[in-house]
Amino acid sequence: MASLVAPDHFSPTEDAAALQKACTGLGTNEKAIIEVLGHRNAAQRKQIRQAYEQLYEEDLVKRLESELTRDFEKAVYRWILDPADRDAVLANVALKKSNPDYPVIIEISCIRTPDELLEVRKAYQLRYKRSLEEDVAAHTTGDIRKLLVGLVSAYRYQGEEINARLANSEADLIHDAIKDKAFSHDEVIRILTTRSKAQLRATFNRYQEDQGTSITKNLLVENPDEILVALRTTIRGLNDPNKYFVKVLSNGIKRAGTDEDDLTRVIVTRAEKDLKEIKEEYYKKNSVSLDQAVAKDTTGDYKAFLLTLLGSEE
Amino acid sequence: MIIKPGTRKRGDDRDEAMAQSDELEALTKAFSGHGVDETTLIAVLGKSHPEKRKAFRKGNPQFFKEDERSFERWDDHRIKLLKREFSRFKNAVVLWAMHPWERDARLMKEALKDGPDSYNVLIEVACTRSSEELLGARRAYHSLFEHSIEEDVASHVHGPERRLLVALVSAYRYEGTKPKEDNAKAEAKTILNVIKSGEKKTDNEEVIRILTTRSKLLLKAVYKDYQEISGSNLDEDLKSDSRLQETVQCLCTPERYFSQVLDLALEIDADKSTKKALTRVIVTRADVDVKEIDEEFNKMYGVRLTKKIEDTANGNYKDFLLRLIAKGD
């Protein structure tokens, strides 16, 4: 369930006016911005942008970019984009880093639904005039390239049907591949990048039954190379997205003082989807609420914004 | 001259013999080639007396064999071939009426089922359709077969081709105008280096990357640049790797590719899967670029595609194909 608290009725023009007021004069009224945008869903935010454009002949996004700074600006910028466009931006930013941020690519391609992923690919082309897979391929090599290009290009079957025999044989394949230390990851990559999510979960469960432990545990080694880390992230994301997000959040919060990209990304991209369940899972794992952890770890407008998206009552 | 019944002149016998052998020839032709000549079959065979049919059987050892129990027996294999030829019109009509997405999904499924000899169809569909058309085919594939095309290709294709084919059917290429930064020359150089080095090209990840992810506009530029820096055409230099060659041809010079496929398909003794291409190509390109293919065909082989079809195909099947080609006029 969404953690976002948004009203059923609203006026795009009133909101646009409020935002414009917040951006005029000396300084910016960040509180007002949070008050409006932090309580609007994607469809509503789109209408506000259109209203703002019509009333003030200016792109609201550009305006906010120039008014806001640092983590708060990054968060608001990502929040105000359409979800597919947002993911396209996140993917591009992740690829352009000097050490490409593979988990972001894996997250977007594995946790979004197949149709959402298609929308991301379209949005990416619109914005960057290249295809997503083109850029992923150009910024990766070897097995990582095989895995990531496969993941972003997939258009998985969306039915719930499971072939138990196939789950069995593919669980065995994965087991054999892992056991053989000098293994080529091709078969594992094939399975992870093409099978439907339902079929994959059946395969993961079968593996767990047969081996008494999960695949990700068996892929844990001292000093794993990139591809192993990426494979574990992929399996996590496909198998249990909520648990995966909790891990990302826990790590992000623990890492004091570093950039808050992960924290921002998870909260902004899940606030309208399943952040409530993620919060529950977070509490189960860490015995402290996500709201509290965020409040402790962040400051100022950035903190206020995140807490608003988390559904915190002031 | 009044001919009394019962009197036969020598000239008549000769005429009759000639007429008979003409008819035999017409019948044989009606059964040969691509599709069957329904009109001739009805006109000649339909009205024929038992004697005529016996003569037809005796005069056609390729269709009928003398059985040890004293009768002329249809060759079983020939019946099988005939079944196919009779079905050609039906298949063309059914394929033509289909939604293009369903059509492409079924073509790909069939190609997978038929095995490596038909994998060129996968390349053809993946590379000559627009990004949206290919996406549509993938959707239809979900509905028809409850799997994704990439999962079926990945699990059925083995060896080095797998990576290429999976990537091709999964592509969603950029189709907009050329972006500012265009590294076609660099990509062409990369490919040339791989070819020169003699390493197995289907295994080379850079060749795969370029062919399976770059936009068609860019790839056409790469094709041109390759020609400039190496002096030869990229698809010729890929001759030792038929999958890669087909990929490049479909992406960069589709009309040439289709003309070649059609030329092979129109051979009288073409094998089953090669022959099927005639229906497939005409039906799938009739709304797209069949006119351009006709022109290219003429350039390459010195004869119009329509003339070649006129000469080699029969009956309703022939008429249907020619109609599809003409409808653009």
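This is a predicted model: local features need pLDDT of at least 70, side-chain atom pairs count only at pLDDT 80 or more; totals for chains, interfaces and linings use all residues.

First, the chains. On the chain B side, 28 residues are in contact with 29 residues of chain A. Together the two chains bury about 2600 Å², with 51% of that area on carbon and sulfur atoms. There are 6 salt bridges between chain B and chain A; in one salt bridge, the side chains of A:Arg145 and B:Glu205 meet at 3.9 Å, N to O. The two chains also share 15 residue pairs in polar contact, both residues being at pLDDT 80 or more. Which elements of chain B each supply at least two residues to the side that touches chain A? They are α7 (131-145), α8 (149-156), α9 (161-170) and α11 (205-213). The largest share, 5 residues, comes from α7(B). By class, this side of chain B has 6 nonpolar, 7 polar and 15 charged residues.

B:Cys127, B:Arg163 and B:Leu164 supply 39% of the area that domain 2 buries here, more than any other three residues. Between these domains the count is 1 salt bridge. As for residue pairs in polar contact, there are 4, both residues at pLDDT 80 or more. On the domain 2 side, α6 (119-128) and α9 of chain B give two or more residues each, and α6(B) gives the most, with 6 residues. That side divides into 9 nonpolar, 2 polar and 4 charged residues.

Thank you for your attention.

Note on methods:
Residues are numbered from 1 along each chain as its sequence is written. Chains are lettered from A and ligands numbered from 1 in the order in which they are written. Side-chain values use heavy atoms; hydrogens and water are left out. Contact means heavy atoms within 4.5 Å. Buried area is the accessible area (1.4 Å probe) that two parts lose on being put together, summed over both. A salt bridge is a side-chain nitrogen of Lys or Arg within 4 Å of a carboxyl oxygen of Asp or Glu. A polar contact is a pair of N or O atoms within 3.5 Å; within protein, one must be able to donate a hydrogen and the other to accept it, and residues adjacent in sequence count only if both atoms are side-chain atoms. Helices (H or I, at least four residues) and strands (E, at least two) are DSSP runs, numbered from the N terminus. Ala, Val, Leu, Ile, Met, Phe, Trp, Tyr, Cys and Pro count as nonpolar, Asp, Glu, Lys and Arg as charged, and the others, Gly among them, as polar.
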